Amino acid sequence: MTFFPSESRTAAEWLAFTGNVIDTRSEKRTDDAIRIALADDRARFLLAGEGKVCIRTGTPPDAFFTENEARALGADLAETVLLGTAPSGPVLAAPIQPETVPAECGVEAVDLRGTYSTYHLPAETVGAIAQAAALLAWHNTHRFCGHCGGRSEMRSGGYRRVCVSCGAEHFPRTDPVVIMLAVKGDRCLLGRSHRFAPGMYSCLAGFMEPGETIEAAVRRETFEESGVRVGPVRYVASQPWPFPFSLMIGCIAEAETEEVERDTAELEDCRWFSRAEVLQMLDGTHPDGLRAATRGAIARYLIALWASQATA
C-alpha cells in the first residue's frame with residue numbers, strides 16, 4: 001500500500017525508553033545472582049518507585065548509585081532485583097519511596113517522563129530506567145500467588161517468583177497496547193483524552209485482548225473509540241512504556257470510513273486533521289494553539305512519520 005510512509009530514521013532515535021543495552025541473562029541466572037553481582041565493584045543501582053526515579057542533579061545528571069548510596073537514600077535493598085549486565089558492569093534496581101529521599105542531598109525523585117524530557121539522560125540510561133521501573137512495579141503487585149493466594153518469594157535475581165505454599169512459578173509480565181494512527185488520503189485521525197494537557201491531540205490507543213492479533217486490536221479499538229472503520233494495518237515500531245509495565249505497539253492503518261462517532265467516556269474530542277495542520281501542530285505554529293503528542297512518545301513518532309511524507 002503506497003500510502004504508508006517509509007521510515008527514514010530508526011525509531012530508537014526518536015523514542016524514549018528504547019535504548020536499553022542491558023543483557024538480562026534471565027534464563028541463565030541462579031538464585032544467588034544478586035550476591036554475585038554485588039561482589040563486583042562496578043555494580044550500580046537504579047532507584048525507582050511510585051512512577052518516579054532518583055536522579056543525581058549534577059552536571060551531567062546521573063541515575064546510578066552505589067550500594068551504600070542507595071542505602072543512605074532509603075532504598076529497600078531487601079527487594080533488590082538484578083536487571084543484568086551493561087558494558088559498565090552489573091545493574092541492579094531497588095524500590096524507594098520518593099518522599100523518603102533526604103532533602104538537599106543533591107538527589108531528586110523525578111517523574112519517569114522527566115528522565116528524557118527534562119534531564120535528557122543518555123538513551124541507554126533511560127531504557128534501563130524503564131526496565132527497572134517495570135520490573136519493580138511487577139514485584140510490588142505480585143507478592144501473592146494467583147493460583148492459591150499464598151505468599152510468593154523472589155527467585156533468579158528478580159526474574160521469577162515462587163509461591164511458598166503451592167510452588168507455582170510466576171514470571172514478569174508485559175501488557176501489550178496498540179497505538180495507531182488512522183489515515184485517509186491527506187488526513188489523519190487524532191483524539192484527545194479528558195486528562196490531556198490543553199490543546200494536545202494524540203493517536204488512539206487501547207489494550208489488546210486475549211486471542212487478538214495486533215491488526216484485530218487496531219481495528220477494534222479504532223472503531224470503539226471513534227466509530228471509524230479501518231482496513232489494512234501496518235506495524236511501525238514499539239516502545240516500552242513503564243506505566244506500569246506496558247509495551248506500546250505502534251501502527252498506521254488505512255481508514256475505510258470517515259464519519260466520527262467518538263466514545264464520549266474515553267475522548268473529549270476526536271476528529272480528522274489535514275497534513276498541513278498536523279505539521280503546524282508538530283512545530284508549534286498552529287493558530288489555535290493545538291499541538292501533537294509530546295516528544296519521546298511513540299504517538300508523536302507515528303504522527304511525525306506520516307506528516308513528513310508526501311501523499312502517494
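This passage describes the overall form of one protein chain and then a number of its individual residues, as seen in a predicted model.

The protein chain contains seven helices and 14 strands. Its C-alpha trace spans about 60 × 50 × 35 Å along the principal axes. Of the 312 residues, 47% count as buried, and among the contacts in the chain with a separation of 6 or more, 67% are accounted for by residues 24 or more positions apart. The accessible surface of the protein chain comes to about 15,100 Å², and carbon and sulfur atoms contribute 50% of that area. With regard to charge, the chain carries 31 positive and 41 negative charges, whose mean positions lie 3 Å apart.

The largest nonpolar core of the model comprises 58 residues, and those with the most contacts inside this core are Phe-17, Leu-46, Leu-83, Leu-181, Leu-190, Val-278 and Ile-303. Helix H7, which covers residues 298-307, gives the most to this core, with nine residues. Apart from this core lies another, of 18 residues, which includes Val-228, Val-233, Leu-267 and Trp-272.

Phe-17 is found in the segment before helix H1 (33-38) and, because its relative accessibility is 2%, counts as buried. Although Phe-17 is not a glycine, its phi is positive, at about 70 degrees. When residues up to four places away in sequence are not counted, Phe-17 touches Leu-112, Thr-115, Tyr-116, Val-126, Gly-127 and Ala-130, and also Gln-239, Pro-240, Trp-241, Pro-242 and Phe-243. Leu-190, in turn, is found in strand S10, which runs over residues 187-193, and is buried, with a relative accessible area of 0%. Leaving aside neighbours within four places in sequence, the contacts of Leu-190 include Leu-181, Val-278 and Ile-303, each of which is also named among the residues with the most contacts inside the largest core. Further contacts of Leu-190 include Tyr-201, Ser-202 and Cys-203, together with Asp-269, Cys-270, Arg-271, Phe-273 and Met-281. Between Leu-190 and Pro-232, which are 42 residues apart in sequence, the distance from C-alpha to C-alpha is 18 Å.

One joins Thr-59 and Pro-60, with an omega of about 0 degrees, and Pro-60 is found in the loop between strand S2 (52-56) and helix H2 (67-72). Another runs from Phe-243 to Pro-244, with omega near 0 degrees, where Pro-244 has its place in the loop between strand S12 (230-241) and strand S13 (246-255). Phe-243, which takes part in this cis bond, is also one of the residues that Phe-17 touches.

A positive phi is found again at Arg-25, which is likewise not a glycine and has a value of about 50 degrees.

Ser-156 lies in the loop between strand S6 (152-155) and strand S7 (160-163) and is buried, since its relative accessible area is 8% and the cut-off for burial is under 20%. Beyond residues up to four places away in sequence, Ser-156 touches Arg-29, Thr-30 and Asp-31. Pro-122 is placed in the loop between helix H3 (114-117) and helix H4 (123-141) and, with a relative accessible area of 41%, is partly exposed. The C-alpha atoms of Pro-122 and Gly-19 are separated by 8.3 Å, although these residues are 103 residues apart along the chain. Met-208 occupies the loop between strand S11 (204-207) and helix H5 (214-226). Not counting residues up to four places away in sequence, Met-208 touches Pro-176, Val-177 and Val-178, as well as Thr-213, Ile-214, Ala-217, Arg-220 and Ile-249. Met-208 and Thr-80, which are 128 residues apart along the chain, have C-alpha atoms separated by 31 Å.

Methods: Residues are numbered from 1 along each chain as its sequence is written. This is a predicted model: local features need pLDDT of at least 70, side-chain atom pairs count only at pLDDT 80 or more; totals for chains, interfaces and linings use all residues. Side-chain values use heavy atoms; hydrogens and water are left out. A nonpolar core is a set of buried Ala, Val, Leu, Ile, Met, Phe, Trp, Tyr and Cys residues joined through side-chain atoms within 4.5 Å. Buried means under 20% relative accessible area, exposed over 50%, partly exposed in between (1.4 Å probe, protein chains only). Helices (H or I, at least four residues) and strands (E, at least two) are DSSP runs, numbered from the N terminus. Contact means heavy atoms within 4.5 Å. Accessible areas come from the Shrake-Rupley method with a 1.4 Å probe; for residues, only the protein chains shown count as cover. Lys and Arg count as positive and Asp and Glu as negative; His and the chain ends are not counted. The place of a charge is taken as NZ of Lys, CZ of Arg, CG of Asp or CD of Glu.
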